[in-house]
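Please examine the sequence and the model shown below. The paragraphs that follow lead through them step by step.

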2 protein chains.
Amino acid sequence: MSNIRHALTVKRADDFAAWYQEVISAADMAEESGVRGCMVIKPWGWGIWERIQHLLDGRIKDTGHENCYFPLFIPLSNFEREAEHVDGFAKEMAVVTHHRLIGDGAGKLVPDPEAKLEEPLIVRPTSETIFGDAMARWVQSWRDLPLKLNQWANVVRWEMRTRMFLRTSEFLWQEGHTAHDGEAEAKEHTLRMLEVYRACAEEDLAMPVIAGEKPENERFPGAVETWSIEAMMQDGKALQAGTSHYLGTNFSEAAGIKFQNQDGDQALCHTTSWGVSTRMIGGVIMTHGDDDGLRVPPTIAPWQVVILPMLRGKDDDADAQLVAYCEELHEALKGQSACGERLRVTLDTKHGKASAKRWDWVRKGAPIIIEVGGRDMENGVVSLLRRDALWADNGKPDFHSPAKADAAQAIPAMLEEIQSNLFAQAKDQRDANITRGIETLDQLGEFYSAEAQYPGWVEVQWSKPTGAALEQVVEQLKALKLTIRNVPIGAAAADGSCIFTGEPAVERIYVARAY
Amino acid sequence: MSNIRHALTVKRADDFAAWYQEVISAADMAEESGVRGCMVIKPWGWGIWERIQHLLDGRIKDTGHENCYFPLFIPLSNFEREAEHVDGFAKEMAVVTHHRLIGDGAGKLVPDPEAKLEEPLIVRPTSETIFGDAMARWVQSWRDLPLKLNQWANVVRWEMRTRMFLRTSEFLWQEGHTAHDGEAEAKEHTLRMLEVYRACAEEDLAMPVIAGEKPENERFPGAVETWSIEAMMQDGKALQAGTSHYLGTNFSEAAGIKFQNQDGDQALCHTTSWGVSTRMIGGVIMTHGDDDGLRVPPTIAPWQVVILPMLRGKDDDADAQLVAYCEELHEALKGQSACGERLRVTLDTKHGKASAKRWDWVRKGAPIIIEVGGRDMENGVVSLLRRDALWADNGKPDFHSPAKADAAQAIPAMLEEIQSNLFAQAKDQRDANITRGIETLDQLGEFYSAEAQYPGWVEVQWSKPTGAALEQVVEQLKALKLTIRNVPIGAAAADGSCIFTGEPAVERIYVARAY
């Protein structure tokens, strides 16, 4: 077997941004579409999204939500009912103004002036306002509450600077929208869905996250509280991987979501909304990828095990026997389960040199690659590579050679081990890059300027300033290219002074550079 | 138990169109959104679509396709490369012209003139042109072929007259796009996917269809051949439920999808595309619905079995015991399988009068409804209703009273029986409404004018005129409000004269009114 290391051309340590683009291309996940700001998600990238959708959809249904589907287009007037909301999105809205094209007389088509819409339609950037309309129709009494809805949809926010998966003009997401009787229940639900996101990120994507509340300046337009899960990428920067919003009665007032409560009085619903998107896939790449390409956690891998017979491509008896040997393994593995689901195993008999195909699957990050050559077959074994432990100390691929029957038995546990291993690696790396004990803004500035490489996140204490005082803090951080990520749930109580104001601190926050 | 018949207010025989709207509303499937031509698909309607997606997605993957995702927006210039294609869609395209809103100085937001797009973007009505762009990048050699892709997406075709599920400006569908080495393989694939649609319609939706080729005048814009599956609704009209197109090299020429063939020469790919949409749900309603509401075939029912304890709503011991009794049944049923999948069973303990809830589930069309009252529990039985055989001869709901343990055992087979029963009913009804033996256009006119009610489809023989001669036939049929549906695969050979031209007939076609 070839021991040549088919690494990427760019290493993480040399140029993380270029490495990111190369992984996407080398793993054949996505590419630019030629349409400004929009990408084509290719089968391997889409397969990962299908897995995330499947698992998160189950979690969302398990918490009592029903899926539904609302229109892509939202009339502009809907947005205008909630002032903060429309202000937040007006600068990045794709606007449909015509519903027909017509020849311009010179052989080109142009929007037909006779088919101009009376009111422009907005391609949804988010759907609170149109869900709100329906909730106002559907909620009459406290018996109709809570109303717990979710949709899987595409949304558009016109972005000037795009990056695949992380920031694209069109992206795919789920957006949950719920209506409740009272503030307490709505706030509790906001946090329940944040916990669903934490579990999805950590258990399904093996991506450790910090759950907490965003500061006032980072709230969703129209929200009373915004909570997030924040993940640390391997370059130490933060990725906001999901948000959950308590919207108070802001959208209920705008849309008239009223109900008769148990006392017989009319009341406004308290609503929530929450979403995660294809951005998660960017998080998976930057959490688990290495200098050989992507590493996909088994739980979300479209194929968990790839079987590669080392065919000579001559369609002769030897090749046929090898395929038959691999098919036995394939069948044995398909009957096994890991993490409560049937194994996803593929037998790759496509044309091509076996070692080239191995490296294709390494770059795609398939968790286990099993190569089978003639000698393996003679010895009744297989040659097995674990993507999370690809290299032996001698600098060669670390092939294991279990007996074929043993491999079939051992693989489910091995996949679960890879899943925990990827999570543990990411968590160790994250924890090693969180710094505590910085007590003044000067120290913070020194810390970030002293480091040759970007040193990750810093946990500081603050007095939770609001309004203009908060704006000043945001500016001070901006000068250091830093942002407040969130106020983590379950952090130790504050015991010092605010690094911004010097006043007694009330809580701990994370500051970091971010995507 | 209440024996009051909670029928709809409109019967199929009285006003089929109004009945259709009432079923959608009474089964809580969808409603108008307030956005012109767009609907809100509510959880029960969406649940049916999720089932159709799941089953059809499996069939599409089983035939070797991979899912992916292409942009919502397509530059106008992409369309202009294929003249017939853009002509076919220009009149119904939603056009994005701006990417930002700005205040007009009078408190209103308007599209920002500074943010006008240089080239308008079309909200995709279909994606041949943008898949074509990518195929041109991805296909280099015969080794890259066949390329078999599919996406699940929303599309927009601006419709002036809309009807829920059947014709909406935005709709949801899957669109498959494939590229092949040569005409023979591409044509074979076009028919393979037509067969996938036939199987999905007949086996999953229990909706009998006629598969065949559309006449020249009904071809997809840019296609060389268009094939369809056609279903007969209970009013005798036809619903085109899915189409599969052989595109020849039209789109390959437009996008430059070329490859080096096995002889080393450059060749153009032959491509196909095929789609089915949320329109299928309209087909399910009009195939299986009755005067009590929807009847959902078990294979696509979000819940196949609904267990309704007849609670007194007092939260007392009696209610608790009843719930416990029902939970035992729930658990027993969840462990069972039908049609190769776990049963989908729900225990409905929501507030409300049991008989009112029963009728809600009847209108939604749950295949099996199990009511459990105190007396049932005492006797160790349950009261079971089959939605496909709701009424006994005495005009009362036809409750069966199997022992609880027997019910759990019997239900999988009962669900399979309901599935076949619905298919058989629909097929019998369709076959009874196909008329043969009409030999002249005059006879055809007499046939349709003589019938008090619309009599369904007529199979006629024709000489397959083309061009202007075909246009004349289309006009003649239009005068009778008829259209050619398709040339059925596997029909008997022609043995008479063309009813339009009097020339020797070459094939048989179906003519019908259509949705």
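**An enclosed strand and its surroundings**

In chain B, 6 of the 6 residues of strand 27 (residues 507-512) are buried, so this strand is largely enclosed by the rest of the structure. Buried means under 20% relative accessible area, exposed over 50%, and partly exposed in between (1.4 Å probe, protein chains only). Strands (E, at least two residues) are DSSP runs, numbered from the N terminus. This is a predicted model, in which local features need pLDDT of at least 70 and side-chain atom pairs count only at pLDDT 80 or more, while totals for chains, interfaces and linings use all residues. Residues are numbered from 1 along each chain as its sequence is written, chains are lettered from A in the order in which they are written, and side-chain values use heavy atoms, leaving out hydrogens and water.

In a regular strand the side chains alternate between the two faces of the sheet. Strand 27 of chain B is covered on both faces: B:E507, B:I509 and B:V511 are buried on one side, and B:R508, B:Y510 and B:A512 on the other.

Strand 27 of chain B pairs in the antiparallel sense with strand 24 (residues 457-462) of chain B over 5 bridges; two strands pair if DSSP finds at least two bridges between them. Here B:E459 stands opposite B:Y510. Strand 25 (residues 483-484) of chain B also runs antiparallel to strand 27 of chain B, joined to it by 2 bridges, and B:I484 stands opposite B:V511.

The cysteines come next. The structure holds 0 disulfides over all chains, a disulfide being a pair of cysteine sulfur atoms within 2.5 Å. For A:C269, the closest cysteine sulfur is that of A:C68, 16 Å away and too far for a bond.

Notes:
Helices (H or I, at least four residues) and strands (E, at least two) are DSSP runs, numbered from the N terminus.
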